[in-house]
Amino acid sequence: MKKIQILGTGCAKCQKLAAVADEAAKALGAPYELQKITDLKQIMSFKVMTTPALVVDGVVRLSGRVPTIEEATQLVG
Amino acid sequence: MDFPPLFRAVIRWTITVFGLVAWWQIYRHLAAISIWLTYAAGLSRGSSLGVAVEFFVFEVPKVMLLLILVVFAVGVVRTFFTPERTRRLLTGQSESVGNILAALLGIVTPFCSCSAVPLFIGFVTAGVPLGVTFSFLVSAPMVNEVALVLLLGMFGWKVAALYLSTGLAVAIVAGWTLGKLRLERYVEPWVYENATASNVAAGAELPSMTWYARVQSGFAAVREIVGRVWLYVVLGIAVGAGIHGYVPENFMASIMGRSTWWSVPLAVAFGVPMYSNAAGVIPIVQALLGKGAALGTVLAFMMSVIGLSLPEAIILRQVLKPRLIALFFGVVASGILLVGYLFNLVL
């Protein structure tokens, strides 16, 4: 099952990324798990410098901005 | 229909150029348009309401046009910078050069206040000196293009230039001072435990973008930023218009004018805990200046509001011990204080 993690401390952009990622994953149809990570130490373990960040199956796919749904679909798929 | 790429490119560039020309034409004729509109509606020249409305009708499109243009331009410039690149540029720099570079990069590097902490950790663990990181952290939120454009559009290029240069100066000197104090021991230890060599996350480095993609980023920035602040701008101008038409000059001179020595510290004391984005503080700036407050005092107030805030202190508490936060705020606030006094003396 695809594991999608959203890294962010909770600002508006992080919520937006979660929503967009969720939409994209649903559109793809495959089963997935969406997890929001707000703990700073955990976020830092992924070595990102800018939040929000999108992590798919343990790999950071995007950081620092909110992608469009099309972009998100490509990143998650 | 699928047009060939060259044809599409030509169309895009034509539209962009056309957009710029249209912008320029509207901008040039704004004064005439606003006068016509106000008095065609039947208001008498010279009346308080007439003056206020004319001001409003002139200033709103003018500031909005400037805002759109500058946010677009900065949006495009920002596509050339990423935090990772900035970090690489800053790693291993000597203190003074690093401080200047960091302050300058703070203007053009895309920065969201929610990433302040990850960014801080990323910089510090990659070997960017603490003082240099602070210069960046002061400059990034405070010297921002929305603030500069609004100052430019509403108070003229001199005020904007002043804000830019003093903002950079405060960022550089504050960072340099903090660096010299050797405060690394007041950074939360777990931050340094995350130290690794190169923290470039996969896919986080921007591939080189086509010009079209950069222009699109510019437009996206306009939609996002102007979309967020336009209401504050309109409110600010409305307040300014009211003052223009109705309030007698020099109303505020007794409290915040140059002659009162305590107006600058008071302004900074009020501004530090407050938080607003650049556009939100402008109505207050308008009101104060319009009623006779001294420019130095008002600049100091604006910098304190945008540059330092209670929410920011709380966020930074995750990575800095209280003493360092206090020092950070203290040094920056002192810098702002000096700026305020300096300009009240000189201007």
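Two residues are in contact if their C-beta atoms, placed from the backbone, lie within 7 Å. The legends below describe a predicted model.

**View 1. The contact between chain A and chain B.** By that cut-off, 21 residues of chain A are in contact with 20 residues of chain B. Helix H1 (12-28), helix H2 (40-45) and strand S4 (59-63) of chain A each supply at least two residues of the side of chain A that touches chain B. The most comes from S4(A), which gives 5 residues. Sorted by class, this side of chain A has 11 nonpolar, 6 polar and 4 charged residues.

**View 2. The sheet of chain A.** Four strands form an open sheet in the order S2-S1-S3-S4 (chain A), and the pairing is mixed. Strand S2 (32-37) and S4 of chain A are the edge strands, each pairing on one side only. On average, neighbouring strands are turned by 20° against each other, direction ignored. Strand S3 (residues 53-56) of chain A and S4(A) run antiparallel and are joined by 4 bridges. A:Val56 has A:Val59 in S4(A) as its bridge partner.

**View 3. Helices packed on the sheet of chain A.** H1(A) touches strand S1 (2-7), S2 and S3 of chain A, and its direction makes about 165° with that of S1(A). Helix H3 (residues 69-76) of chain A touches S1, S3 and S4 of chain A, and its direction makes about 35° with that of S3(A).

**View 4. Helix H11 of chain B.** Helix H11 (residues 211-246) of chain B has a kink of about 45°, centred on B:Val229. B:Val229 is buried, as are other residues of H11(B), including B:Gly218, B:Ile225 and B:Ile243. The buried residues of H11(B) pack against helix H3 (48-78), helix H8 (145-155) and helix H14 (278-290) of chain B.

Key:
Residues are numbered from 1 along each chain as its sequence is written. Chains are lettered from A and ligands numbered from 1 in the order in which they are written. This is a predicted model: local features need pLDDT of at least 70, side-chain atom pairs count only at pLDDT 80 or more; totals for chains, interfaces and linings use all residues. Ala, Val, Leu, Ile, Met, Phe, Trp, Tyr, Cys and Pro count as nonpolar, Asp, Glu, Lys and Arg as charged, and the others, Gly among them, as polar. The bend at a residue is the angle between axes fitted to the seven residues ending there and the seven starting there. A residue is buried if 20 or more other C-beta atoms lie within 10 Å of its own, exposed if 12 or fewer, and partly exposed in between; C-beta atoms are placed from the backbone. Two strands pair if DSSP finds at least two bridges between them. Axes are lines fitted to C-alpha atoms, for helices over the stretch in contact, and angles run from 0 to 180 degrees between N-to-C directions.
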